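Here is a friendly walk through one protein chain, written for someone who likes to have the coordinates open alongside. Please keep the viewer at hand while you read.

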Amino acid sequence: MTTTTPLLLITADPSHPLAYLALRYARTYLANTDTNNNDTNNNDETDNSNNNENVPAPLNIFFYADAANTANRLRWQSADQMNITQEWQKLAEQYQLTLPVCVSTALSRGISDSENSTRHQLDSENLAASFELVGLSELAMMMQGNCRLLQF
């Protein structure tokens, strides 16, 4: 059985409701994936058959356009609202996810890592932990094969 890999292409600004919907989708998908893996692992241990039908596909995530603002560690959020940057960081840590952000859209929004700050003579870096600046080739590679694209 061929499985499709969900790809969350997040383009909405972190203050937009779609950004929160993307986070909720990722949480739910990963929780269900984790539950299914635990159920599969708790089945008969003596069964050595290679049953990949119950193993869910991994989840790919890519932040593009205004969603690059999610990766800004200097984004302030009032105490009465969820800090979406911190929530993505928690999810990434819990499930060992990478959080790739398009480098061009991030730089154009004033978000940089130390490498790009040096390369472009910027004063400092402000990329939040767990996020990684990457080129669009990363997105293209995620879209190869059997992928289900969901844009938020």
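Let us begin with L136, a residue of helix α5, which covers residues 136-143. Please keep in mind throughout that this is a predicted model. L136 counts as partly exposed because its relative accessibility is 43%. Leaving aside neighbours within four places in sequence, L136 is in contact with F62, Y64 and C102. The C-alpha atoms of L136 and S104 are separated by 8.6 Å, while the two residues are 32 residues apart along the chain.

For the chain, the mean pLDDT is 87, and 84% of the residues reach 70 or more. Residues 44-56 have a pLDDT below 50, and this stretch has 9 contacts in the model beyond near neighbours in sequence. Where pLDDT is low, the predicted coordinates should not be read in detail.

## The nonpolar cores

Which residues touch the most other members of the largest nonpolar core? They are I10, I61, F63, W88, V101 and F131, in a core of 30 residues. Two or more residues each come from β1 (5-10), α1 (17-41), β2 (60-63), α2 (84-95), β3 (99-102), α3 (103-108) and β4 (131-134). Helix α1 provides the largest share of this core, with 6 residues.

Apart from neighbours within four places in sequence, I10 is in contact with A22, I61, F62, F63, Y64, A67, W88 and F152. There is also a second, separate core of 7 residues, and L7, L9, F62 and L139 are among them.

Next, have a look at Q89, which lies in helix α2. Is Q89 buried or exposed? Its relative accessibility is 19%, so Q89 counts as buried, the cut-off being under 20%. Not counting residues up to four places away in sequence, Q89 touches L99, A128, A129, S130 and F131.

## Aromatic pairs

A pair of aromatic rings is described by the distance of the centres and the angle of the planes. How many aromatic pairs does the structure hold? The structure holds 4 of these pairs, and two of them are set out here.

| Pair | Centre to centre | Angle between planes | Kind |
|---|---|---|---|
| Y25 and F152 | 6.1 Å | 45 degrees | tilted |
| F63 and F131 | 5.4 Å | 65 degrees | edge-to-face |

The pair of Y25 and F152 links distant parts of the chain: Y25 belongs to helix α1 and F152 to the segment after β5 (147-151), 127 residues apart. Y25 counts as partly exposed because its relative accessibility is 24%, whereas F152, at 10%, counts as buried. Ring pairs also bring in another residue, linking Y25, Y29 and F152 into a cluster.

The C-alpha atoms of L21 and F152 are 7.5 Å apart in space, although the residues are 131 residues apart in sequence. L21 is found in helix α1, and it is partly exposed, with a relative accessible area of 37%.

Why does the pair of F63 and F131 tie together parts that are 68 residues apart in sequence? F63 lies in strand β2 and F131 in strand β4, so their pairing joins those parts of the chain. Both F63 and F131 are buried, and both are named among the residues that touch the most other members of the largest nonpolar core.

## Two backbone angles to check

Most residues other than glycine have a negative phi, and most peptide bonds are trans. Against that background, two residues deserve a click in your viewer.

Q121 is not a glycine, yet its phi is positive, at about 50 degrees. Q121 is found in the loop between α4 (114-119) and β4. With a relative accessible area of 68%, Q121 is exposed.

S130 is not a glycine either, and its phi is positive, at about 80 degrees. S130 has its place in the loop between α4 and β4. S130 counts as partly exposed because its relative accessibility is 37%. S130 is also one of the residues that Q89 touches, which leads back to helix α2, where Q89 lies.

Methods:
Residues numbered from 1 in each chain as written. Predicted model: local features only at pLDDT ≥ 70, side-chain atom pairs only at ≥ 80, totals over all residues. Heavy atoms only, no water. Core = buried A, V, L, I, M, F, W, Y, C linked by side-chain atoms within 4.5 Å. Buried < 20%, exposed > 50% of the residue type's maximum accessible area, 1.4 Å probe, protein only. Helix = DSSP H or I, 4+ residues; strand = E, 2+ residues; numbered from the N terminus. Contact = heavy atoms within 4.5 Å. Phe/Tyr/Trp six-rings, centres within 6.5 Å; stacked < 30°, edge-to-face > 60°. pLDDT = per-residue confidence, 0-100.
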